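Please work through the exercises below with the sequence and the model side by side, and try each task before reading its solution.

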Amino acid sequence: MKLFELLADHGHERLAFHHDEATGLRSIIAIHSTVLGNALGGTRRWAYTDEAEAIRDVLRLSEGMTYKAAAADLPMGGAKSVILAKPGAAATEAEGRAMGRFVDTFSGTYIAAEDVGVTPQFVDWMATETNHVMGGDSVSHGGDPSPFTAQGCFNAMKACLKHLGKKVDFAGMTVAVQGVGATGFRLAKLCKEAGATIVASDTNNANLEKAVKELGVTVADGNIFNTKCDILAPCALGAVLDERTIANLKCSIVCGTANNQLAHPIDDGARVKAAGVLYGPDFVVNAGGLIRLAGLYIGLTEAQINQKIDHIEQTTTAVLKEANSLPSAYEAAVSYAKRRIEHGRTNRKTATAAAR
Ligand code: NAD
């Protein structure tokens with residue numbers, strides 16, 4: 001594996017490896033960009049098949065964080081970390097603390113948070129060793145970001161409806177939600193309260209039953225991606241939109257909280273557009289949680305944070321408009337984010353020159 005070529009391919013700044021002898025922790029932190037500021041990104045704990053898979057994952061995820069933060073107009077860069085877990089091995093406090101010490105060596109250039117396989121408790125364990133961690137159970141670390149992610153996605157749904165010239169009125173609409181976990185349940189609730197009928201699927205029966213009982217959702221009959229609906233909201237896994245699922249979509253909008261929904265961003269982004277389905281780009285529509293945690297970390301007020309989450313609607317509108325003349329909404333979103341980063345780079349150069 002040619003590591004420097006991999007870094008250069010997508011403009012990554014740093015890739016750091018850590019082994020903690022006492023706990024056996026093996027982890028990697030990737031900093032994609034600090035052009036706009038220090039970089040916040042979750043810690044993923046996963047039993048990777050090999051080291052190459054972990055490296056590819058951390059590089060891909062950290063790049064995505066740069067675009068998410070830039071599109072959300074945060075003065076933050078993009079980074080991510082991964083822990084190479086042994087299959088079936090439960091996380092321990094010692095491991096969490098060791099990871100916290102690794103994060104601390106970045107002195108705030110990297111700020112960790114929750115991600116797949118990392119519980120709020122693990123975040124709190126990391127936080128015993130570093131101030132540069134957000135999320136977790138403790139309110140001082142920002143708490144659970146998912147209500148804010150759901151709210152931002154709901155705001156983006158309104159932009160999608162407007163873009164299609166539809167009335168922003170959920171009454172009489174059907175929203176199909178894949179995954180009624182932390183974000184999906186709350187998004188379903190917001191849509192329900194706005195008057196929509198919800199169809200849902202979840203591989204976790206307890207979560208599905210809760211949504212049936214508390215929100216009165218209808219359980220999807222078969223594959224949720226084939227459900228006839230107005231809006232399909234993927235709120236579970238990544239890579240759910242591929243050649244096969246796109247061909248069978250029966251909705252006019254896809255807008256959900258899941259990260260990396262397009263299996264092959266360029267090809268599948270164009271396929272969704274060609275299928276006549278409007279796609280709310282994931283890293284634009286699901287930025288609410290990041291805005292919340294990053295906002296608290298950099299000292300924004302509650303009002304400023306909420307304003308930025310409200311602003312997801314305008315950003316989605318702007319990106320969708322640009323997508324009219326581009327192959328896909330995904331490409332429009334990346335180009336939107338890259339312009340903000342370039343703007344930040346120019347400002348930084350100007351400020352440095354002025355200080356000389
Ligand atoms: P979660 O684990 O609380 O919920 C996910 C739900 O999806 C669970 O109920 C799970 O059982 C279900 N699920 C898993 N596989 C499924 C499948 N094949 N079909 C149907 N349901 C399935 O996670 P979450 O925090 O709600 O995150 C959901 C997605 O949103 C993830 O992709 C995550 O990366 C992304 N995201 C979350 C946040 C946040 O604030 N939590 C922020 C940005 C992005």
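Predicted model: local features only at pLDDT ≥ 70, side-chain atom pairs only at ≥ 80, totals over all residues.

Residues are numbered from 1 along each chain as its sequence is written, and side-chain values use heavy atoms, with hydrogens and water left out.

**Exercise 1.** Find where aspartate 57 and arginine 44 lie, and state whether they are buried or exposed.

Solution. Begin with the contact: the side chains of aspartate 57 and arginine 44 form a salt bridge with an N to O distance of 3.8 Å, the criterion being a side-chain nitrogen of Lys or Arg within 4 Å of a carboxyl oxygen of Asp or Glu. Aspartate 57 belongs to helix α2 (residues 51-71) and arginine 44 to strand β3 (residues 39-46), so that the pair, 13 residues apart, links distant parts of the chain; helices (H or I, at least four residues) and strands (E, at least two) are DSSP runs, numbered from the N terminus. Both aspartate 57 and arginine 44 are buried, where buried means under 20% relative accessible area, exposed over 50% and partly exposed in between (1.4 Å probe, protein chains only). By the salt-bridge rule the count comes to 21.

**Exercise 2.** Which residues are linked in a network of salt bridges that includes Glu93?

Solution. Glutamate 93 and arginine 97 meet at 3.6 Å, N to O, and because they are 4 residues apart in helix α3 (residues 93-104), about one helical turn separates them. Glutamate 129 forms a salt bridge with arginine 101, with the closest N and O atoms 3.4 Å apart; since glutamate 129 lies in the loop between α4 (120-127) and α5 (146-163) and arginine 101 in helix α3, this pair ties together parts that are 28 residues apart in sequence. The network comprises Asp20, Glu93, Arg97, Arg101 and Glu129.

**Exercise 3.** Give the strand order of the open sheet and name its edge strands.

Solution. The 5 strands run in the order β1-β2-β4-β3-β5 with mixed pairing, two strands being paired if DSSP finds at least two bridges between them. At the edges are β1 (14-19) and β5 (110-113), each pairing on one side only. Inspect next β3 and β4 (residues 77-84), which pair in the parallel sense over 6 bridges.

**Exercise 4.** How far apart are the centres of domain 1 and domain 2?

Solution. Domain 1 covers 3-59 + 76-141 and domain 2 covers 146-288 + 297-303 + 312-338, with bounds from an automatic or database domain assignment. Taken over C-alpha atoms, their centres are separated by 27 Å.
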